[in-house]
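User: I would like to learn how to read a few features in a structure. Can we take them one by one?

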Amino acid sequence: MPLDTISTYAQTLLRQDGRRWNELRRITASISTQPSSDGSSLLTMGNTMVLCTVTGPREGNRRGQRDNTNATVETEINVASFAQMDRRRRVRNDKRIQELQSTVSSAFQSHLFTHLYPRSTISISLHVLSLDGALLVACLNAASLALVDAGIPMPSILAAISSGSVTPTDDSSTRPEPILDLNNVEEQELPFLSIATVSGHPGSEDKVSVLTMESRCQIGGANSKLESMMATGVDGCKQVRRKMEDVIRKHGAKVLQGRK
Amino acid sequence: MGLAVLPPDFEEEVVHPVSRKYDDYQDDSDTSMDDANGRPSKRFRLSQPAASQIVLPGETITDDTQWMRGHGTYMTDSSTTIIATLAGILKTTNKLLSVAPLRARYTPEIGDLVVGRIVEVQKNRWKVDVAAPLLAQLPLSSINLPGGVLRRRTTADELQMRNYFQEGDLVVAEVQQVGSSDNTASLHTRSLKYGKLRNGTFLAVSGTGGGGGVVRSRRQVFTINSGAQSGGDVDVILGVNGYIWLSKHVQQADDQGRMSGGVSISNLDDVVSTAIYSSQNDDIGEGTRREIARISECIKILAEDGVRVDEDTVIKAYEAAVDAEMSVADQAGTGTRVSEEVRRRIVDAAIH
Amino acid sequence: MPSLASSSPFSPAELAYLHTSLSSVPPLRPDARSLGTDFRPLRAETGVLPAVNGSAHVGFSDGREAIVGVKLEVEKTVERKNTGLKYHVDSAMDIDMDEDERRKQAMGKQEWVTLTLTVPGLRDDDPNLAFLEEMLREPLAVPLSTAPQSDNSYTMSLQDSLVINSRWHWHVYVDVLLISPNGLASYPLPLLSMAAHLALRDTRIPKLKSEGEEDPVADDDWMASTYLYPRKVVTTSPRPPVILLVLVVGENVIFDPSREELAVADGIVAVSIASSTDDDKDCKVLAVRMVDSPARDTMKGIPQSEEPQKGVDVPGVWRPRVGGVKRSVLKAVIKSVVVDGVARDVMSGLDGFLNLEDGADAGANAV
């Protein structure tokens with residue numbers, strides 16, 4: 001059985017795990033998983049599992065770096081050694097992890113209403129327990145849920161998804177087709193991007209908050225991949241956001257029921 | 001009792017609250033692609049208060065202009081729609097719309113009675129942790145110094161700050177003011193009922209502002225009578241910030257107050273002595289200690305189950321706990337922790 | 001609720017109160033537990049991670065959680081000159097070999113078991129972290145029994161069961177992740193050791209299609225894999241060890257201490273226990289270590305009267321603990337663990353949980 005997507009996709013229109021082009025993997029999430037922290041969440045997207053705890057806003061530890069008008073968002077991402085098929089000891093100064101941390105921090109720094117908590121620090125701690133693609137995406141989603149749980153005000157819920165592009169045959173004249181939510185194998189084979197959106201003003205379109213791509217693809221021309229990937233991604237984010245809202249509502253209902 | 005290792009509670013199916021006023025987008029299939037038309041209309045008109053309606057960040061509450069927006073909402077410049085910024089319950093008070101979050105950090109307000117822990121000793125003030133976004137401050141000029149209320153604070157006082165409060169000490173204080181730019185609380189302990197805490201134990205409950213946890217009420221400080229259990233009375237201080245102090249009841253302060261016709265500015269210096277800054281505990285009997293531990297557990301149970309913690313609920317919970325344990329006292333020697341059934345009875349008693 | 005208070009010390013008044021409560025006989029614990037041997041309930045789940053050989057997720061009610069993943073990898077055995085690792089297919093035939101020689105065959109090495117601990121916010125080479133890792137790893141490598149087993153296999157310690165053949169062995173990687181608001185200050189040793197224990201009991205070794213001295217090839221059928229530690233629990237089946245933290249205050253021995261109780265300890269003892277595979281004993285103590293008590297680094301309290309003479313203990317005023325533990329009390333600790341059945345209670349609690357899970361799985365499969 002071939003282990004790549006490209007060779008069989010044209011005939012079957014199904015990916016290796018049997019999904020269609022726009023099917024998301026199974027997403028499960030729960031919030032307030034750790035009541036002793038300010039906010040917490042556990043999110044799985046397929047086989048990718050991320051646990052997030054949020055602390056804050058609280059007084060920061062470092063004296064010099066305090067912003068007098070806004071809260072500072074700090075992120076720490078920790079990929080467990082047992083997260084991938086090969087046991088991999090984490091490298092402390094992994095540049096890729098640092099870049100991901102910086103992406104998550106800046107995404108929420110501009111998204112949250114940080115002006116309400118000047119001079120304080122909001123710390124996001126992400127633990128990747130199992131990794132099967134969608135690393136940045138799962139981190140953003142888990143952090144988003146945990147921040148909602150922590151009661152930090154935000155204009156809308158940030159949701160992320162990855163989207164890629166598959167060219168069905170070697171014939172360069174066929175249009176490339178977008179696919180949604182890539183797993184690890186697909187990410188290694190195909191170009192893909194991670195995109196996160198936030199809801200726009202009521203009645204207007206969603207706005208893109210994060211857009212990162214580590215692979216290469218053609219932007220313009222007849223076989224442009226980028227536009228279709230982005231459009232699919234924005235739609236995919238909507239689906240993810242609905243799922244997250246569902247989870248939060250269920251949790252809220254449970255809390256209220258407990259109080260009655 | 002041996003070690004109990006239990007599987008995690010599994011999620012029960014929760015019924016969606018019935019008070020939702022808009023279309024319920026029930027389809028959770030993952031294959032729908034085009035939802036430009038399928039998106040539910042999330043607006044509704046608030047013609048009457050919608051109690052216990054859960055709103056989420058980004059959700060439009062209303063665009064009726066008669067409403068004013070309060071905490072937990074925001075309005076964009078371009079329209080008059082009010083949008084929620086927190087996940088919580090919609091509250092309507094007259095014409096004010098606000099969202100009470102399910103969980104949130106404590107935000108200090110003037111007049112709050114809080115219990116705090118000293119974390120830093122600075123040149124002429126202390127920094128106090130009150131579970132707020134920023135540390136609160138307790139200036140040297142805001143505490144009672146032995147020798148008189150109106151005495152000037154000298155440099156000698158500044159050098160001896162640790163004789164009054166040192167890192168780790170617990171204080172009960174009142175919020176005097178809240179900084180306008182950053183909401184930093186400024187505390188004071190200028191009354192005899194404030195000051196350093198001793199003779200007891202501390203616990204913290206989280207989730208203030210959400211409905212669980214400590215709520216602002218008229219009486220934050222009260223006494224529980226536990227004479228029947230061969231314990232003394234227990235003073236309970238419920239800090240609005242979720243920090244709680246339980247201690248042996250102190251009788252003298254009341255007597256003194258009554259004797260001299262109340263404590264006023266003029267005789268405050270007689271009453272204030274260095275003793276109020278000591279960390280020496282009185283002798284506390286076993287019975288009292290046991291009751292303190294029991295009340296502590298009751299409060300923890302209330303907090304874990306999301307019941308609000310105030311004088312009423314704590315007293316009811318405690319009485320239920322006493323009753324419940326009396327009925328299982330026959331099986332003495334089993335040494336069990338508070339069992340599930342007792343928990344439920346405590347919570348039920350507190351709610352009703 | 002995490003706050004700076006969790007990392008800063010308690011007030012001397014609180015400490016004095018706690019110490020007096022815990023010194024009385026019987027000890028009056030702050031969370032109203034009646035006995036020194038009352039344990040707080042644990043929430044646990046095994047088999048939570050998809051890409052590992054075994055996993056467990058364990059949490060206390062105060063918010064501390066630990067997630068452990070166990071992975072097995074095949075590794076080439078480096079033969080050292082003098083030990084001469086030999087493996088005889090049918091060692092039962094060599095009746096002229098004495099016990100010691102037979103034991104030297106199929107002997108595993110301690111380096112084949114690696115345990116790493118990750119605590120967010122701490123460097124990997126933090127000394128406290130390294131100490132904790134070693135405390136968790138060391139009992140795993142200790143032989144559990146000295147007597148031969150009924151089926152002529154000499155499984156005496158974990159590493160011995162990792163031998164495949166003379167050139168290959170399994171390397172066990174136990175990765176522990178601690179998620180706790182207070183980090184290491186919460187003395188998570190028992191939590192981590194129980195999580196590691198459950199994860200190891202959940203670990204399965206893939207069945208090998210290869211035989212004898214061939215290079216190992218694993219069977220793709222996961223269901224054909226066998227448990228590293230036998231699942232059917234009999235009192236004599238080998239089980240991974242568990243470490244208990246025991247508090248000593250005055251004359252009292254207190255188990256499963258909470259953070260407040262630890263702050264006033266006269267002494268803290270870490271006891272590793274394992275179920276003994278010898279028929280006559282119930283549980284044995286593998287190691288005993290003393291742990292620094294946090295009560296040493298506290299500030300003393302301020303008495304009401306003016307400075308008394310130094311060294312005089314004013315009742316009600318806290319003094320940092322500087323003494324050690326009396327020998328008689330240490331004996332009482334060991335007695336409590338072994339004779340009075342605390343170790344047995346802990347082991348049966350863990351066994352009971354795994355039986356519960358097995359029962360649930362069987363029920364689910366049967367449906």
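**Reading helix burial and an interface**

Analyst: Start with H3(A): 15 of its 15 residues are buried, so the helix is largely enclosed by the rest of the structure. Buried means under 20% relative accessible area, exposed over 50%, partly exposed in between (1.4 Å probe, protein chains only). Helices (H or I, at least four residues) and strands (E, at least two) are DSSP runs, numbered from the N terminus. This is a predicted model: local features need pLDDT of at least 70, side-chain atom pairs count only at pLDDT 80 or more, and totals for chains, interfaces and linings use all residues. Residues are numbered from 1 along each chain as its sequence is written, chains are lettered from A and ligands numbered from 1 in the order written, and side-chain values use heavy atoms, without hydrogens and water.

User: What follows just after H3(A)?

Analyst: Gly151(A), with a positive phi of about 75 degrees.

User: How is the size of an interface given?

Analyst: Often as the accessible area lost when the parts come together. Here buried area is summed over both parts (1.4 Å probe). Chain C and chain B bury about 4,500 Å² between them, 57% of it on carbon and sulfur atoms.

User: Which side chains meet in a salt bridge?

Analyst: A salt bridge puts a side-chain nitrogen of Lys or Arg within 4 Å of a carboxyl oxygen of Asp or Glu. Between chain C and chain B the count is one. Glu14(C) and Arg117(B) form it, at 3.0 Å, N to O. On the side of chain C that touches chain B, H1(C) gives the largest share, seven residues.

Terms used. Buried area = accessible area lost by both parts, 1.4 Å probe.
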